[in-house]
Amino acid sequence: MSDEAKSAELSALQAALAAEHAAVYGYGVVGGRIGAPRRTEARAAYDAHRARRDALTREVRDLGGQPVAANAAYALPFPVRGSATAVRLAARLEDRVAGVYADLVRAATGGRRASAAAALREAAVRAVRWSGESVAFPGLAERSSGEGTGAAGTTPSASASVSP
């Protein structure tokens, strides 16, 4: 692997790790607001994102990088005041994570590419479950929307808080 390809793969891994950090944070908010009927689903997604985050941390280190740290807090894309907006946030998180994994699929090779494709597929399936809608090319739809938010639809904020 050339130095340029290794650098591109490491950058894409770091972006995926940052997105997973944001998704873990976001699902913490979702879990606090989601109704009981979907709480198990939210917990499963939270656990899946934590596992992906931990795996990505190892992969970044394996490539000789210093894993990007999670922010202390993230500004949410909209207020989450109840179950309906918690479901909307979960769908947004999954859409954004899918986009980052699409980038990793493009940058990676071999087993890492297969793992990124699996993560993309899982995020796309969760997004459909949360939103009830699908897109033709998961992970690519948000690229044309022009939204300027960060990884997983959140932006870092030193003073972010979630109010009821």
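Which helices each supply at least two residues of the lining of the largest cavity?

1. **What you are looking at.** This is a predicted model, where local features need pLDDT of at least 70 and side-chain atom pairs count only at pLDDT 80 or more, while totals for chains, interfaces and linings use all residues. Residues are numbered from 1 along each chain as its sequence is written, and side-chain values use heavy atoms, with hydrogens and water left out.

2. **The overall fold.** The protein has four helices and two strands, taken from DSSP runs (helices are H or I with at least four residues, strands are E with at least two, numbered from the N terminus). Along the sequence they follow the pattern α-α-β-α-α-β. Of the 164 residues, 40% count as buried, meaning under 20% relative accessible area with a 1.4 Å probe, protein chains only.

3. **The cavity.** One cavity of 30 Å³ or more is present; a cavity is a set of points on a 1 Å grid over the protein atoms alone where a 1.4 Å probe fits but cannot get out, and its lining residues have an atom within 4 Å of a point. The largest cavity holds about 70 Å³ of space, a volume being the space filled by probe spheres set on the points, which are joined across faces, edges and corners.

4. **Its lining.** To answer the opening question, helix H2 (36-62), helix H3 (83-107) and helix H4 (110-131) each supply at least two lining residues. H2 gives the most, with four residues. Among the lining residues are Leu-13, Arg-52, Leu-56, Tyr-101 and Ser-115.

5. **The largest core.** A nonpolar core joins buried Ala, Val, Leu, Ile, Met, Phe, Trp, Tyr and Cys residues through side-chain atoms within 4.5 Å. The largest one has 21 residues, and Leu-13, Ala-16, Leu-56, Val-97, Tyr-101 and Leu-104 have the most contacts inside it. Helix H1 (3-33), H2, H3 and H4 each give two or more residues to this core, with the largest share, seven residues, coming from H3.

6. **Tyr-101 and a second core.** Not counting residues up to four places away in sequence, Tyr-101 touches Ala-16, Glu-20, Arg-52, Leu-56, Ala-116, Ala-119 and Leu-120, where contact means heavy atoms within 4.5 Å. A second, separate core of 15 residues includes Ala-42, Val-80, Ala-91 and Leu-93.

7. **Thr-57.** This residue is found in helix H2. Thr-57 counts as buried because its relative accessibility is 17%. Leaving aside neighbours within four places in sequence, Thr-57 is in contact with Leu-17 and Pro-67.

Technical notes:
On a 1 Å grid over the protein atoms alone, a cavity is a set of points where a 1.4 Å probe fits but cannot get out, and a pocket is an open set with protein on both sides within 12 Å along at least five of seven lines; lining residues have an atom within 4 Å of a point. Buried means under 20% relative accessible area, exposed over 50%, partly exposed in between (1.4 Å probe, protein chains only).
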